[in-house]
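Student: I have a structure open and some questions about it. Can we work through them one at a time?

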Amino acid sequence: MNTKSQILAIVQQTPQTILQLCAQLNLTRTAINLPIKQLLAEGLIHGVIEPRAGQVGKPSIVYEATQGTEDLHSKAYQPILSALIEQIQAESGEAALSELLQKTGRRMARAALGAPSTDDRANIEAAMQVANSLGATAQLFPQADGTFIITNRTCPAATAARANGHVCELMSAFFAQATGGQATEFCQRDERMVCQYKIVPPL
C-alpha cells in the first residue's frame with residue numbers, strides 16, 4: 001500500500017492533522033504533503049479548520065475522508081451483483097430479469113444525463129463519460145453508415161456478465177436512453193471480456 005492509500009485508509013477511520021499522520025506513518029511533513037494534495041485534488045478527502053479557542057497562531061487543518069469514499073476499494077460488488085442476478089432470474093424468470101435490467105439502465109441514463117440533445121455524437125460521448133466514471137475505459141469508433149461502435153475492455157460488471165449475459169442489456173438500455181437511438185450489445189464474454197455496443201442514432 002502506497003503513502004496515498006495509507007493516508008486515505010487512516011482518515012477514513014478518524015480525521016487527522018498533518019502532524020498526526022506524520023507520527024502514525026513515521027514520515028516527514030514533506031513526504032505527507034504531496035499525497036495529501038493529490039487526495040484533495042481527486043476529491044477523496046477534504047480539510048476542516050480545527051477550532052482553537054483562546055489560542056494564538058495558525059489553526060490546524062484536520063483532514064477527513066469525503067462522503068462516498070467508504071466503499072472505494074470494496075470488492076463486494078461483483079459477488080453481490082452476481083447473487084442478486086441469479087436470485088431475480090430464479091424467482092421471476094429470464095424475461096422479467098431482462099426487462100428489469102433494461103429499465104434499470106434507462107433509469108441510470110435519465111438520472112445521470114437527462115434528455116438527449118440533438119447532437120448524436122455529444123450524447124454518445126456524454127454517456128461514455130458516465131460509463132468511464134463507473135470503471136469502464138470506453139472507446140468510440142464511428143462507422144461509415146452513420147452508426148457508432150463503443151468498445152470497452154475493462155467492464156466493471158465482468159464477473160456477473162460472464163455468468164449471465166443479460167447483464168449487458170443494462171448498459172445497452174443505458175446507451176439507448178442516453179442517445180435517443182437504438183443500442184445493441186454484442187459483447188465477448190470469453191476468457192477476456194470485451195464489451196461492445198452498436199449505437200444507431202435516431203432518425
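Student: Which residue's side chain does His166 join in a polar contact of 2.6 Å?

Tutor: This is a predicted model, where local features need pLDDT of at least 70, side-chain atom pairs count only at pLDDT 80 or more, and totals for chains, interfaces and linings use all residues. Residues are numbered from 1 along each chain as its sequence is written, and side-chain values use heavy atoms, with hydrogens and water left out. A polar contact is a pair of N or O atoms within 3.5 Å; within protein, one must be able to donate a hydrogen and the other to accept it, and residues adjacent in sequence count only if both atoms are side-chain atoms. At 2.6 Å, the partner of the His166 side chain is that of Glu169.

Student: Is His166 buried or exposed?

Tutor: Buried means under 20% relative accessible area, exposed over 50%, partly exposed in between (1.4 Å probe, protein chains only). His166 sits in the loop between helix 7 (158-163) and helix 8. Its relative accessibility is 15%, so His166 counts as buried.

Student: Why is the pair of Phe174 and Phe175 edge-to-face?

Tutor: Rings of Phe, Tyr and Trp (its six-membered ring) pair if their centres lie within 6.5 Å; planes under 30 degrees apart count as stacked, over 60 as edge-to-face and the rest as tilted. The structure holds 2 aromatic pairs. For Phe174 and Phe175, the centres are 5.5 Å apart, and the pair is edge-to-face because the planes stand at 70°.

Student: What is the angle between the planes of Phe175 and Tyr197?

Tutor: This pair links Phe175 in helix 8 (residues 168-179) with Tyr197 in strand 7 (residues 193-200), 22 residues apart. Both residues are buried. The pair is tilted, with 5.3 Å centre to centre and a plane angle of 55°.

Note on methods:
Helix = DSSP H or I, 4+ residues; strand = E, 2+ residues; numbered from the N terminus.
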